[in-house]
Number of protein chains: 2
Amino acid sequence: MPHPLDSLFAPDSIALIGASRDLEKIPGRLLSMLRKNEFPGKIFPINPNYGDIDGLKCYPAIADVGQPIDLAIVIIPARAVLGALEQCAAAGVKNAVIISSGFAEEGGDSAAMQDAIVALAKNTGMRISGPNAEGFYSQAQRVAATFSPTVGVNPDAPPLEFFEFMVQDASTDVILLFIEGIRDVDKFLAAARRAAEIGKPVIVTKVGRSGAGERAAASHTASMAGWSAAYDAVFAKYGFIVSNDLDEAVTIAAVLTTNPMPKGDRVAVLTVSGGAGIWGADTVAMQGLQVPELSESIQTEIRKLLPSYGAAGNPIDVTAQGVHSGGLQRSIDLLDVSDEVDAILVVLSLSSDTRMPFKQAELKPVLSAQNKPIVFYSYTLPSHFARTEFAASGAVVLSGLTHVGVAMRQMVQRAKFRLAPPAAVAALPPRDISAHLKSATLSEFDSKSLLRDAGIALPDEVLVSYRGELDAAIARAGFPLVMKIQSRDIPHKSEAGGVRVNIASKGEAFAAYQALLESAGRHRPDAAIQGVLVGPMAKKGVEIIVGTLLDATFGPMIMVGLGGITTELFKDVIYRPAPVSAAEASAMLAALKAAPLLNGFRGAAKTDIPALSQLIAQISMLAAQFVTEISEIEINPVLVHPQGQGATIVDALVVRKKG
Amino acid sequence: MPHPLDSLFAPDSIALIGASRDLEKIPGRLLSMLRKNEFPGKIFPINPNYGDIDGLKCYPAIADVGQPIDLAIVIIPARAVLGALEQCAAAGVKNAVIISSGFAEEGGDSAAMQDAIVALAKNTGMRISGPNAEGFYSQAQRVAATFSPTVGVNPDAPPLEFFEFMVQDASTDVILLFIEGIRDVDKFLAAARRAAEIGKPVIVTKVGRSGAGERAAASHTASMAGWSAAYDAVFAKYGFIVSNDLDEAVTIAAVLTTNPMPKGDRVAVLTVSGGAGIWGADTVAMQGLQVPELSESIQTEIRKLLPSYGAAGNPIDVTAQGVHSGGLQRSIDLLDVSDEVDAILVVLSLSSDTRMPFKQAELKPVLSAQNKPIVFYSYTLPSHFARTEFAASGAVVLSGLTHVGVAMRQMVQRAKFRLAPPAAVAALPPRDISAHLKSATLSEFDSKSLLRDAGIALPDEVLVSYRGELDAAIARAGFPLVMKIQSRDIPHKSEAGGVRVNIASKGEAFAAYQALLESAGRHRPDAAIQGVLVGPMAKKGVEIIVGTLLDATFGPMIMVGLGGITTELFKDVIYRPAPVSAAEASAMLAALKAAPLLNGFRGAAKTDIPALSQLIAQISMLAAQFVTEISEIEINPVLVHPQGQGATIVDALVVRKKG
């Protein structure tokens, strides 16, 4: 099916508006880049000052070309751009890339010029990338429509659909995405979902993560970099591979495009040098992959292929001699069909221009019969000869051992990725929570009432508004009990001396009631007191925080983390776009560093993860359903009890969205 | 002062025992490597099968050379090596590198051959590297005595002193060290201390960190890889920079050898491309360095150098135009003398073979007047032209942005490194602790008695051996108190129901005494009970673990970590070789991820770090002083109180070293 951007990415003809003979400057370089990369279509330089450039006829204006033009590349001063685009539209040009700078990023009048370009695009249907664009490069179509050789393509300039194009493009196996910020979020999410559904890996670099980076993104593209945790949550949901290093990202792409997916995480490390093999084994092991000792039977087979001072245990040291004897190749063949490992890392030195352990004749049979990933890492700079022979055999020689380790881990994780089925927020019964949102701020009692009405299970608690109600409340809660002051004017109860726990007798309870009111009065004399909330002490459990918030880019997000001070100290929290299903909530819990605490740490009982996951899903759906009414929910803590015993919400706070 | 290894690393003459004409094989490559790298001395090929090789006269045996030989490189079958070495010794050869494999790593008879080589080295004084050696490469002396171009030099083969040589060698600015294991620990530590004293940076790669890596190291060099945490502790003590990635290590070395040390951690990021600048700012910020927004006055100066769409805030986007206008160079000049930043990262594209923002004429003046580190990163593959121009100007063009960020962080940390003054263990009064070490295992009471005798402050506790002593003990401790069963047969008191806390009355105390004895009897009927330890409840404080152990390679180590289950979960512990001074103990505490908890987290009081540091130092000295008697000390927990209120040891265990 043709895509509207086909004529942009695979143009038959390109006009270069502002072409120049000076190869030292950007306009001149655009032409030489196009020709150096052997663009197969027609090129029309446009510049009234020249009759010809570099052997090509040069036209005074776009109207003079008189032939169809698929793409115009615009590199003239900012103030002249709009006029040129209007001429393009009149001449029927389908797409334009504006390299020129000096628009919205400068503010003022310049921003107005950009608005005019957006309006022109809308009115004419011409698809425009930029201004201030880097251009693009398509290896498959031999189109180098950029002045700088970089993989950074800006997917975010509205209303363009670069990312969407690559998702549906059959000649693209893996997508490398560079993001400063996203403007058309819905289009982005739809393409992300589609990529996940068809199993096309996306490797994403998100910049503007630091304070300085955010500042620069705002000045560079006049757009907000956004909150990285929300971006990472979205990336995780769709199985994107996050890489913030260019070489690492390219290594991951190289590994993914040249290998089948692994069935597990067990790696065989084959080496021609003992020390390098240890280094390789360490590196993949540090990434959390297994490097299992091989069984005696396969070791016996491998030993037959090696000199006596080789090693067959894993790492497998075939030694320098083993390369020339063919032991390396035959070891790969053995491991490729073995059920003891899921992937093979070959560590070797390919610096020589003449000496080669592998030539095409030897490599191709190995790789064409390949059952599992075989990754080649050279600890010396690979020679041109080696790279050529490997490339011709369908493999890539990689440099950078840590990047290789990361790539293998990412490949293993990617192989396990399954897109979570959508949480059925639409299926929730419509509820009216407006009665709970009348006051500007909600107390714990207000918040819990809202949650209870929304179907969340909470402990049976009673709001005691005057002393006379206390006896009945005690009888209902039973000892030991907890008592907490309730006031919309006192958001931090503990700091106001507003909480009493482990109350074990009536005398203590009445004393506590009096003391709570007095503390509140001292802390905040003008506070309107709702009463004292009386409930049973919760059973012990693992302290967890569950929360929601509204991200400026992606909307409602759900968060879960280990409770207590360590959460903040170790930053051990996981976010996902809300809503999530219980299954997705379980996966969030498994991703916490503190996950062992839920799974029976140091002999403790395994906790009720299903109950907690269900609660997280419910809270997330509530946030998604009432996205216009609720800005935050914080359940802090919820105590997770042993398996089958559920989870208890101890405290809760709902924050109303400000009109 | 001449070093005994001068004749190895800077030989006037080299004999190649086993030289070959076949350049495809290792022996042949050794000769061609030596000549390709323009070794300036004499080369004597030794092989009875040839009259000459590659234009050089070939000798049947070493005895036939008849001229002095500084170094023999041996690459003949293992069984012939010993004989050849004997001939070398007879001919007065000073040093030998044995490339041949097939010795101790194979075990059996082959190991015996290696023992014979060691004996020969000792008897003759000939210095021998190997067998199974990679050889070495000295750029300064143009000696390529290796068959493979790698930086990995094996510093650990006894009794060699490669590391020591480089520490004292004036032509070596930075040392890259690759370690599988260390055999001569004292020599290693002396060289490490010397390097720290003279301020020569050491970048170390330690392999054999994973299970698979350890297995391989054992089979590869027949040596133990050792416990990485102990290695890392030693590296930290001497300010070594740990890097387990070759490209990263080389990047760090490049940054250190071409720059002055920074005075702080504030980085200016200069870029020719907006997106790349954001990426660069993110990367150094993620490494914990600061990328501060520049003051209005310096921004005004910088803006004069840039086109209107540039950015001066930091990152500073000079734009592609700013490169040609000289704005980039002049911005560097401005930042180099500014007191607002301590280092400069320049992000640019140097892929062009002709176009260059910097040529020698422009670069050299900038770099020769350089006041602070200026690091150049190219986000495209740098051209040969660019690399040559930079190298000639005394700078390096770096690739790999994350490696650059790590290198800048390591440089900042290295600039702050000060070698801790040695802890004065020798100055401790000699103590006799033998009375405490008579039983095979020590109870808490035994352990605390030992510690008290060794001068460690502990709470005043009483061992109650029979009921009649309880009244006096209660009177001494005062309520609330804690009671704990004491038995050398019950190492885990809590699990045996052997601890009661918060006892507030005499009645409770007597009941608890009875209950403790009964629990112990049920748990371990045959346990010999020492009694019940009665003491005051400790004041609240931050829970910390302090421990010592004996590492097989480096001896006594001191450990500190956050107490409670999170220690294990987040692996937040710091080790150092014992003993440490209180100042070094403070530095250990500051290196904990949990350090904020000690420094007044979330409004809590700042804790008594001096008291805790003093305790850590005392425990470490005890471990070092009684290294033949004590194998482990564990203080778990010690509660650290607010500033000025000290720290309280709650529980302690000393483990006797097994004879």
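This briefing looks at the interface of chain B with chain A, and then at one glycine of chain A. The model is predicted, so local features need pLDDT of at least 70 and side-chain atom pairs count only at pLDDT 80 or more, while totals for chains, interfaces and linings use all residues. Residues are numbered from 1 along each chain as its sequence is written, chains are lettered from A and ligands numbered from 1 in the order in which they are written, and side-chain values use heavy atoms, leaving out hydrogens and water.

**The interface**

- Contact (heavy atoms within 4.5 Å) links 73 residues of chain B with 74 residues of chain A.
- The two chains bury about 5,600 Å² between them, 63% of it on carbon and sulfur atoms; buried area is the accessible area (1.4 Å probe) that two parts lose on being put together, summed over both.
- On the chain B side, the largest share, 8 residues, comes from helix α10 (residues 274-286) of chain B; helices are DSSP runs of H or I with at least four residues, numbered from the N terminus.
- Between chain B and chain A there are 0 salt bridges, a salt bridge being a side-chain nitrogen of Lys or Arg within 4 Å of a carboxyl oxygen of Asp or Glu.

**A:Gly277**

- You will find A:Gly277 in helix α10 (residues 274-286) of chain A.
- A:Gly277 is buried, with a relative accessible area of 0%; buried means under 20% (1.4 Å probe, protein chains only).
- Leaving aside neighbours within four places in sequence, A:Gly277 is in contact with A:Val269, A:Thr271, A:Pro315 and A:Val347.
- A:Pro315 lies 38 residues from A:Gly277 along the chain, and their C-alpha atoms are separated by 6.0 Å.

Technical notes: Helix = DSSP H or I, 4+ residues; strand = E, 2+ residues; numbered from the N terminus. Buried < 20%, exposed > 50% of the residue type's maximum accessible area, 1.4 Å probe, protein only.
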